[in-house]
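Biologist: Please go through this model with me and say what backs each label.

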Amino acid sequence: MNRHIIVIGGGHAGCEAALAAARIGQKVTLFALNLDSLAMMPCNPCIGGSAKGHLVREIDALGGQMGKAIDATFIQSRMLNASKGPAVYSLRAQADKKQYMSYMKQVLESEPNISLKEAEVIDIIEENNGITGVITESGSTKKADAVIICTGTYLNARCLYGETINHNGPNGQRASKGLSIALNKLGFTMQRFKTGTPARVHRRSVDFDQMAIQPGDPKLVPFSFESDPGLLAREQIPCHLTYTNLTTHELIRGSLHRSSMYSGLIDATGTRYCPSIEDKIVRFADKDRHPVFIEPEGLDTEEMYVQGMSSALPYEVQEEVYRSIPGLNRCEIMRPAYAIEYDCIDPTMLNLKLEAKHIKGLYFAGQINGSSGYEEAAAQGLIAGVNAAGAHLEITRAEGYIGVLIDDLVTKGTNEPYRMMTSRAEYRLLLRQDNADLRLTEKGYKAGLITEERYTMFQEKQEAIEKEIKRLTKITLSPDTVNEVLSQKCSSQVTTGIKIKDLIKRPELSYWDVINLTPNTDRLPIKFIQEAVEEQVNIQIKYAGYISMQLAQAEVFAKMEYKSLPYEIDYNQITGLRLEARQKLTKLRPQNLGQASRITGVSPADLSILLVYLKTCKST
Amino acid sequence: MTDSKVIAAIATPPGRGAIGIVRLSGSGVLDVFTRIFKPIQKWESHRMYYGYIYNESNEVIDEVMACPMLAPRSYTMEDTVEIYAHGGIATLHGVLDVALNNGARLALPGEFTKRAFLNGRINLTQAEAVMDLISAKASAARRAGLRQLGGGLSQRIIKGRDRLLGWLANIELSIDYPEHEEEAMNRNAILSEGKVWIDEMGALLKTADYGRVIREGIKTVILGRPNAGKSTLLNAILGEDRAIVHEIPGTTRDVLTEEVQIGDIVLRLMDTAGLRETADPIERIGVDKSYEAAKDAELVIYVMDRSIPPAADDIDILEKLNDKHVIIVLNKCDLPTATGWDEFSNAHQISAQNRDGLESIYNDIKQRFLKGLLSQDEETDIITSQRHKILLQSAINCVSRAMEEFLIGVEEDLVSIGLREAYTLLGEILGLEVSDDIVDRIFSEFCVGK
């Protein structure tokens, strides 16, 4: 049963959606407004970071492309949060934007099941609450079994700064006009969101001596399970850090009325998670400085990205504001900062597969769902792609950040661009970036996304981890064996035999400090896989106590997830529920109490009433 | 669908009150009321009406006052009627029977409160407080229960929980925005705030002991050698306060417990059966036996006869009891004093026979068990629920451990696990974290009527 899948949009969501559906074996047509802009990064030149790095690892564990793409094209790599605990280590890499795009275009082009088409889709054909195809700008109809809409920030997009309004998408790309109306006709509730990007400045106009340098890590860690870190070596380009000051803030305050966001030109909802510099000055009036990072956009360009300075001030004010910052005093702005407004849907109209609840075969992924960020988009694209292709794939909150992301979007909805954060995951010690492959490869394999070769390698790794932990569990070391190492590491001496596991648990010790005290063991032939095994053994032993504590908490959590709410409940009859809760529950019809508990507007009091109500139902 | 049939129950405790209340609630309650109450047949909400309750044979059951309270302005948020009848058991049951014969059904345990909860009138914590209120033994417990109902305790827990949230936010911020070193977590600030937090929550936890004392009473034994006047003292205590609650067979065989209320405190006098039989002259009280008797007690009232010199046994026994609250009482002060009592000048000098000096014993007990709490009673919030006590204790343990971890440099993500756990635990006290077990527990413990 060959299905034909249409993907609308070739950003990070569209790319992953198309690749996932194609790899499962379905025919895919990807429509993009401009084939030169596939996998474009219209904002920051980096992939990963806190929680986002986790998403990339999970995408990779499910056979997605983003991890490999950034491993191939990064120009700087850092592991952030290294001192804050293993669950929140976050890998972040600066990308060469152009290389990233051409890498991804080539991957798409060489996939036999994908046809790339440059055309605007202006309508979607629906029959009997299902999808039959799309209509393009030239009026031609293309049939499809499923359609995935990944239009990012292009729907009815407007870019603004000061009094300037351009009716186009990001980076001067054309906007998409017809689709928004089509979606409205299909019964979707549309929202209007706003995001923004800072100016790009010329490298020669930046005085790096007045800034703190931020070099890449000497030890390179890849995103993809399949990337050999030994092959990643390359010259890394540093970033630089400087700060705004009171003069900057005064200038902004003085011209606030001319910012498109404060003059009334924009009334779309912006994100709190990456605010414009105007927002920062207004909301955090007591701060006398904000950090500003200067990041290269690529190897063959002199454009530099000024992270932290997103703005919608008029051009001349932007110049003045930027030039008040140390190191940017003579900066040449090549492209101004701007805010962008776009249409997106209310994601609570989707199910956990990202399919519209009321139209079968119509999927949505990426910023159209109210999210922000390349990684968030790619993750949704992959899930939508797999499900549209007919292979069932849902990730729960307990399984991964992707599950948290999608459940949050479709259960709670969002009234501002949604950014992934580690704090959104209830039990993040279980959802580490180092174990993403252990958590998800099996699911990816079952869905048809993982090659046999990789799966075999994964199984070897998994077995090796289990074997090594089992072996170490049995080993007790005598004082004579360990005390010398202990004194070297300033760890307290022992007088009786000690389990090697207990040594690894000591904060000042690790697996590698004590492993040579044990008899030699088998090692896997591939060096980086062996290293990954050792890292895993170290973490699983070292943090065993905390991990089991979170497992216990997760179990309590799961209890609520298993309490299903019958579809036919008439919430209006449960008089104790507050009005808002009754309305929300009626509209969203959560599948279980856990999901109900995450609906905004359903309070704990409402929840306890539901609990008692469920009991009353059962007893009568 | 939630059941809203008319339910009825006697809302006041069985006893000798001058007035007892029969409460009816549910849709159609006024129809029931109209059938049984005369002569007035038209009511305004929240007004008192004078009349009679009639049975089906048109006989007067009682002369009553009654107050209809229309939805949603009632305890259950349903139409409710309270009937204030004469307090005797027979009368109240008569009124209740009439209601039951005219369309009401007998309320299940806790059903009024359950309805109040289901209709959104009170939250789980308040529901739980109602339970405490109902089972409260003494006036102080009643007040504590009321305060909990009004949220006095909640306020302090909310404050503690907010502080936890502040630290967590600090940690989360530093994790989610690692590029922004300005936002790095301030370990020292959290550590010093943590210390204060633990002290404050610890103080709140201590009130749980007070809460228990006023809820359950103080387990007390009266000890002393034969003829010291134990039974006379017992009778004096029991006789002086007419509010003997009841006699209940104790948990162990042969142990009889009597409860007596002294002001805010309930004394549970243990093994009084034994005491009453001490007229037996051959009974000897040995050191071991005394200690055995005092084993479960929280308070020992040790009685000695001042009209004869102190015995060596007494000194031995007192030494052995030094881990208890021991109140030493010198009895028979109406008789001339014997020699050798000088070192007991701090003991209470009483005459049980004449009921003289009992007041100083009572004051001593209050001093010991209510400590500073009595004076600032109105401002102090008290933990009266065992469940709350356990949750609070666990939360304090979590935070203490987290602070130790901070000190030795454990990574903040791992520390946050304990802090989150504490946050959840406090949320459970407040009813902000809902789990099946809590709901089950709370609603299985309700008494009839409230």
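Modeller: The labels are taken up one by one below, with the cut-offs behind them.

Modeller: This is a predicted model, in which local features need pLDDT of at least 70 and side-chain atom pairs count only at pLDDT 80 or more, while totals for chains, interfaces and linings use all residues. Residues are numbered from 1 along each chain as its sequence is written, and chains are lettered from A and ligands numbered from 1 in the order in which they are written.

Biologist: Why is B:Lys320 called partly exposed?

Modeller: A residue is buried if 20 or more other C-beta atoms, placed from the backbone, lie within 10 Å of its own, exposed if 12 or fewer, and partly exposed in between. B:Lys320 has 14 other C-beta atoms within 10 Å, so it is partly exposed. B:Lys320 belongs to helix H11 (residues 312-320) of chain B. Between B:Lys320 and B:Pro39 there are 281 residues in sequence and 70 Å in space, C-alpha to C-alpha.

Biologist: What makes helix H3 of chain B largely enclosed?

Modeller: Helices (H or I, at least four residues) and strands (E, at least two) are DSSP runs, numbered from the N terminus. H3(B) covers residues 111-118, and eight of its eight residues are buried, so the rest of the structure largely encloses it. Just after H3(B), B:Gly120 has a positive phi of about 85°. For chain B as a whole, 44% of the 450 residues are buried.

Biologist: How do you know that the length of helix H16 of chain A agrees with its residue count?

Modeller: The expected span is 1.5 Å times one less than the number of residues. H16(A), residues 527-542, has 16 residues and should therefore span 22 Å; its end C-alpha atoms are 22 Å apart, which agrees. Its buried residues include A:Ala532, A:Val533 and A:Ile541. The buried residues of H16(A) pack against helices H12 (452-473), H14 (500-505), H15 (511-514) and H17 (544-562) of chain A.

Biologist: What makes strand E5 of chain A an enclosed strand?

Modeller: Six of the six residues of E5(A), 90-95, are buried, so the strand is largely enclosed by the rest of the structure. Both faces are covered, with A:Ser90, A:Arg92 and A:Gln94 on one side and A:Leu91, A:Ala93 and A:Ala95 on the other.

Biologist: How do you know which strands pair with E5(A)?

Modeller: Two strands pair if DSSP finds at least two bridges between them. Strand E3 (residues 46-48) of chain A is joined to E5(A) by three bridges, and strand E4 (residues 74-80) of chain A by six. Both pairings are antiparallel. A:Gln94 in E5(A) stands opposite A:Cys46 and also opposite A:Gln76.

Biologist: What makes a group of residues a nonpolar core, and which members of the largest one touch the most others?

Modeller: A nonpolar core is a set of buried Ala, Val, Leu, Ile, Met, Phe, Trp, Tyr and Cys residues joined through C-beta atoms within 7 Å. The largest has 179 residues, and A:Ala17, A:Ala18, A:Val147, A:Ile148 and A:Tyr363 touch the most other members. Apart from it lies another core of 53 residues, among them A:Val602, B:Leu24, B:Ile61 and B:Ile83.

Biologist: How do you know which residues of chain B are in contact with chain A, and how many are there?

Modeller: Contact requires C-beta atoms, placed from the backbone, within 7 Å. On that basis, 32 residues of chain B are in contact with 37 residues of chain A. Helices H6 (152-176), H14 (412-430) and H15 (436-444) of chain B each supply at least two residues to this side, and H14(B) gives the most, with five.

Definitions and conventions:
Two residues are in contact if their C-beta atoms, placed from the backbone, lie within 7 Å.
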